[in-house]
Amino acid sequence: MSLLVVCEHDRGVLSAASLEALTFGRPLATAAGLDLAAVVIGAGAESVVEGLGAYGAATVHVASHPILVDFGPEAWGETVAQLVRSTGVSAVLACGTERGNEVLAQVAARLDQPLVANCRAVEPSADGWSITRVQWGGSLLEDARLTADVQLITVAHHVVEAEPAETSAAGEVSAFAPELDESLARTVVADRVVLTQGITLSTAPVVVGGGRGVGSAEAFAPLEELAGELGGVVGCSRAVTNNGWRPHRDQVGQTGTRIAPDIYIASGISGAIQHWVGAMAAKNILAINTDAEANMVTRAGHAVIGDLHQVIPAITEEVRRRRGS
Amino acid sequence: MRILVCVKRVPAPGARINVTTDGQSVDAAHLGFTTSPHEECAVEEAVQITDRLGGEVTVMTLGPPEAEEQLRYASSVGAHRLVLIPISEVDWDPQRTAQALTGAISALEEGDGAFDLILFGNESADAGGFQVGVRVAHALGRPVVNGIKGIDIGTDPKVVDLAEGTLAARREIDGGFEVYRLPMPAVLGVKEGINLPRYPTMKGRLASKKAEVAQSEPVGDVGGQVRVRLHRPEEQISETVILGTGPEAAPAVVDLLEELGVLS
Ligand SMILES: Cc1cc2nc3c(=O)[nH]c(=O)nc-3n(C[C@H](O)[C@H](O)[C@H](O)COP(=O)(O)OP(=O)(O)OC[C@H]3O[C@@H](n4cnc5c(N)ncnc54)[C@H](O)[C@@H]3O)c2cc1C
Ligand SMILES: Nc1ncnc2c1ncn2[C@@H]1O[C@H](COP(=O)(O)O)[C@@H](O)[C@H]1O
């Protein structure tokens, strides 16, 4: 019996998240007495099989079918479900990315099995696996018991760092041809639109954040200026997007973007838990707030107590002064 | 166009989330409640589509009787029909929830025919199971895509070659988006950011107080995911270094930026 890891790739480029799932799956497979297998699906899959052995996969199933070209949640889910039924899989793991969660939900629906999404810890046992999973986007944890014929689990992103196995496994390639109804092509990606972008919120080294305390759309100009000076971007809270001051793509938090900059300058933001979960991966946080008791201030490493409308321009000015510009 | 939206009532915690002593739920004794943000946007999207193309929006929830509050809110921003599936437990597991929603949807469709579109949130704000919508869609035999941040439907001028009875749905990817074309009836899981939800008007608020809330029997078998307990993740508590007060703190801030190497 095996533990199957669904590896994501996009047109032949393996996702780093898949290697996390394999890394997480290795000790789990050993503990559960299962072989580690991987599956890659769709056009370009062959080009990513190499290297999966190094991450511990004894077998790599390569699934192909005329409609398995681009990503399609239903076609991918059906493919994995068929692989589970035909090759003796007793657990399936994927990384808790948007695609990973969606594909496993499809598998769960098709096999009529429970799915536990975004797990941080998994302990196999004969009388039901014990798991710890993320709720509220990471603000809360849930310990749960999983009773299932096939254990379906996604691993929360960044719980482990991808690391090759101490000794490589065979990584033996096995072709798999699922039987897919043409109708499943209805949810395959039909078009792709590429918008060229500079640095994005999720990858920016500096984020200058503004909350309700900024007061208006126009009042974000000084934040833009400081961000520009520091090679960063502007982020915001949900209060700001709800007021229509900034587009939602600037929102940091549970229902926005997770950021991980070198420094997050959070101004006029109270630090509600749903905002905090999106910001807590920042290496440093500087809070600027009129209220010394604000949650953002008490949780931040550094803070300035004061009116952001005065503090932010003063910082920009000081940066320029030191640069002599 | 007939659209159904499934929403969930969740507490709205502030600075931190506290858990009840039995570890089974969020301690909401001093909290207000709200609709999950993704689902609030789903309601707005449905209302915008029917405003444009005509039709009717039905909003459904499975939850405690108090979840009527979230249904009435949906009505205050434009939903036409409200359906409550009342349960007495704190929360149902995802399989059971999906089964109950599927049953209630099928019962509605028996009389009036299939909904053209059923909208879910991408994930619920509290449980975040990422699955209820997918399970319901599968049970109903309908196509479903999650993570949707744009819907083109009917006579939308943004999309030229959209065949009758199909819709296009956009999902964000790194540096762009991908487009799916689905035949209706279809199911989509949407994300906050797809639109900016309106606030209720006074008139809407008053009308929603009188709106009828239909009830549907909760039917579903307990699933394989059983909650043991909820708890807060360990938090690293660090002392906050106050760099100063007001604009006079700027030099200390820039010292810090230099130290962190972000000034280079
Ligand atoms: C399910 C759910 C998901 C959510 N997801 C998100 C999310 O993804 N992201 C998010 O941000 N929120 C999210 N929220 C909303 C969140 O709970 C808060 O409502 C929101 O973050 C508050 O935004 P804020 O801090 O800007 O506003 P407020 O809480 O109003 O805080 C404003 C702050 O500005 C300070 N201030 C005022 N004037 C000044 C000034 N001149 N100078 C300096 N400081 C000043 C005040 O002291 C205060 O601390 C979510 C809520 C729920 C229920
Ligand atoms: N109790 C419920 N009542 C109505 N809809 C729900 C309920 N639970 C979940 N949903 C819907 O299913 C989506 C996904 O939920 P989940 O699988 O818990 O992440 C949510 O965004 C809602 O649209």
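Student: What share of the 325 residues of chain A counts as buried?
Tutor: This is a predicted model, where local features need pLDDT of at least 70, side-chain atom pairs count only at pLDDT 80 or more, and totals for chains, interfaces and linings use all residues. Residues are numbered from 1 along each chain as its sequence is written, chains are lettered from A, and side-chain values use heavy atoms, without hydrogens and water. Buried means under 20% relative accessible area, exposed over 50%, partly exposed in between (1.4 Å probe, protein chains only). For chain A, the buried share is 60%.

Student: How many helices and strands does chain A have?
Tutor: Both are DSSP runs numbered from the N terminus: helices are H or I with at least four residues, strands are E with at least two. The C-alpha atoms of chain A fill a box of roughly 65 × 45 × 35 Å along the principal axes. The count for chain A is 9 helices and 17 strands.

Student: What area is buried between chain A and chain B?
Tutor: Interface size is often given as the accessible area lost when the parts come together. Here that loss uses a 1.4 Å probe and is summed over both parts. Contact means heavy atoms within 4.5 Å, and chain A and chain B each bring 82 residues to it. Carbon and sulfur atoms give 55% of the buried area, which is about 6900 Å².

Student: How many salt bridges are counted between chain A and chain B?
Tutor: The rule asks for a side-chain nitrogen of Lys or Arg within 4 Å of a carboxyl oxygen of Asp or Glu. B:Arg171 and A:Glu102 meet that way, N to O at 2.6 Å. The count between the two chains is 12.

Student: Which helix of chain A gives the largest share of the side that touches chain B?
Tutor: That side has 37 nonpolar, 26 polar and 19 charged residues. The largest share is 9 residues, from residues 98-111, which form helix 4.

Technical notes: Buried area = accessible area lost by both parts, 1.4 Å probe. Nonpolar A, V, L, I, M, F, W, Y, C, P; charged D, E, K, R; others polar.
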